[in-house]
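Please examine the following structure with attention to its helical geometry and its aromatic side chains.

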Amino acid sequence: PGYLEDPTVPKGSNCPTFACTVMKINNDRWQGVPFIMKAGKALNQRRAEVRVQLKSPPNGAAVFNLESEEQIPYNEIVLRLQPEEAIYVKTNVKRPGLATELIQSELDLSYSSRYKDEKNPDAYTRLILDVLRGKQATFVRQDELVEAWKIATPLLKEVEESKVKPTDYVFGTRGPKEADVLIQKAGFVVDKNYKWNKA
């Protein structure tokens, strides 16, 4: 079932249900580093995470007797907020033994495994508790919120005024194929052979 098939959605709705953008910070420290943000409804997974993908070192293929650098998967640092909170580093290591074979492994801190006996309330429970306690640390600062709307408002205005038709995508997929092309052009590599095994 697609968004427009939902009986509560007005016929001919032009409401975007997916966004993917590549942004860059214009300063010396972050020169050339793409920040990719992707969000949507009815995707193949419900998750919120920050994923830092590290480029392979030069001449890494020679260390593992590989033909090209493309054979070396990128190391990644992943901070997963939901589902199943976790912090893990996906890293390339030498397989134990005498052979010089590259394998992927993780340094893994999965909250559900590490803190089995602890009650870990969901995000909204913690947020409401912080409101009741008068704590503001978990909220976005006003200046950050203003800057975020400076990015989003012109885009939303353009969609609304120009009647831009959002790109359709199939329910239960990663989103429109154009989004995968965009992030690939930005240098992000999806390792389709990798499967995270929670500790």
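Predicted model: local features only at pLDDT ≥ 70, side-chain atom pairs only at ≥ 80, totals over all residues.

Just after helix 4 comes Lys163, which takes a positive phi of about 55°.

Attention now turns to the aromatic side chains. A pair of aromatic rings is described by the distance of the centres and the angle of the planes. Across the whole structure, a search finds three aromatic pairs. One of them joins Trp30 and Phe35: the ring centres are 5.4 Å apart and the planes stand at 65°, and because angles over 60 degrees count as edge-to-face, this pair is classed as edge-to-face. Trp30 is partly exposed, at 35% relative accessibility. Phe35 also has a relative accessible area in the partly exposed range, at 29%.

Another of the pairs is formed by Tyr111 and Tyr115. Here the centres of the rings lie 5.6 Å apart and the planes meet at 70°, so this pair is likewise edge-to-face. As for accessibility, Tyr111 counts as partly exposed at 31%, and Tyr115 counts as partly exposed at 36%. These values fall between the limits of 20%, under which a residue is buried, and 50%, over which a residue is exposed.

Conventions
Residues numbered from 1 in each chain as written. Heavy atoms only, no water. Phe/Tyr/Trp six-rings, centres within 6.5 Å; stacked < 30°, edge-to-face > 60°. Buried < 20%, exposed > 50% of the residue type's maximum accessible area, 1.4 Å probe, protein only. Helix = DSSP H or I, 4+ residues; strand = E, 2+ residues; numbered from the N terminus.
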